[in-house]
Amino acid sequence: MSREGALWIGGLEPYMDEDFLMSAMRSSGEDNILSIKVIRNKFTGGVAGYGFVNFTSDQVALTAMHRLNGKIIPNSRPPARYKLNHNSNRILPGEKNHSIWVGDLSPDVDDLQLYKFFSARFQTIISAK
């Protein structure tokens, strides 16, 4: 499995399989998903609580992460929130990456807006919260 365009997804409930997650993410407006892999416990076969969502590119994956993180997963019972993270361990020696955390903002400012604002000015931004 290539790591390009991949997001880690955590906090999965036992009923949240690949089909459920694909349907939920499409309901949330994500159409550029290549595949979803839910990791299973090798002894029980049950959902191990996390998986990977593969998008068409890293940029699409980062945008989806910023758009969805913390929002309610459609049709989750009890309601669960998206917990997404980008694998940033592929940095080559000498490459820079930065994350920005900003506090005391209006509730209508979300992670996607922050990411778009800062990434337009600084090409080394990988996340903004």
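Begin by selecting residues 58-68, which form helix H2: 8 of its 11 residues are buried, so the helix is largely enclosed by the rest of the structure. The model on display is a predicted one.

Colour the buried positions of H2 next. They are Asp58, Ala61, Leu62, Thr63, Ala64, Met65, His66 and Leu68. Then move just past the end of H2 and select Gly70, where phi is positive, at about 85 degrees.

**Salt bridges**

Remain with H2 for the next selection. The structure contains 3 salt bridges, and one of them joins Arg67 to Glu30, with N and O 2.8 Å apart. Arg67 belongs to helix H2, while Glu30 lies in the loop between H1 and E2; the two are 37 residues apart and the pair links distant parts of the chain. Glu30, by contrast, is buried, because its relative accessible area is 3% and the limit for a buried residue is under 20%.

Now select Glu18 and Arg40. These two residues form a salt bridge whose closest N and O atoms are 3.8 Å apart. Glu18 is part of helix H1 and Arg40 is part of strand E2 (residues 33-40), so this pair, 22 residues apart, also links distant parts of the chain. Glu18 counts as partly exposed, with 24% relative accessibility. Arg40 is partly exposed as well, its relative accessible area being 39%.

For another salt bridge, select Lys71 and Asp110, whose closest N and O atoms are 3.8 Å apart. Lys71 sits in the loop between H2 and E4, and Asp110 in the loop between strand E5 (98-100) and H3; the pair links distant parts of the chain, 39 residues apart. Lys71 counts as partly exposed at 36% relative accessibility. Asp110 is partly exposed too, with a relative accessible area of 27%.

**Aromatic pairs**

Turn next to the rings. How many aromatic pairs does a search of the whole structure find? The search finds 3. One of these aromatic pairs is formed by Tyr50 and Phe52, so display both side chains and view the angle between their planes: the arrangement is edge-to-face, with 85 degrees between the planes and 6.2 Å from centre to centre. Tyr50 counts as partly exposed, at 31% relative accessibility. Phe52 is likewise partly exposed, at 25%.

Then select Phe117 and Phe118, another edge-to-face aromatic pair. Their centres are 5.0 Å apart, and the angle between their planes is 90 degrees. Is Phe117 buried or partly exposed? Phe117 has a relative accessible area of 41% and is partly exposed. Phe118 has 17% relative accessibility and counts as buried.

Methods. Residues numbered from 1 in each chain as written. Predicted model: local features only at pLDDT ≥ 70, side-chain atom pairs only at ≥ 80, totals over all residues. Heavy atoms only, no water. Buried < 20%, exposed > 50% of the residue type's maximum accessible area, 1.4 Å probe, protein only. Helix = DSSP H or I, 4+ residues; strand = E, 2+ residues; numbered from the N terminus. Phe/Tyr/Trp six-rings, centres within 6.5 Å; stacked < 30°, edge-to-face > 60°. Salt bridge = Lys/Arg side-chain N within 4 Å of Asp/Glu carboxyl O.
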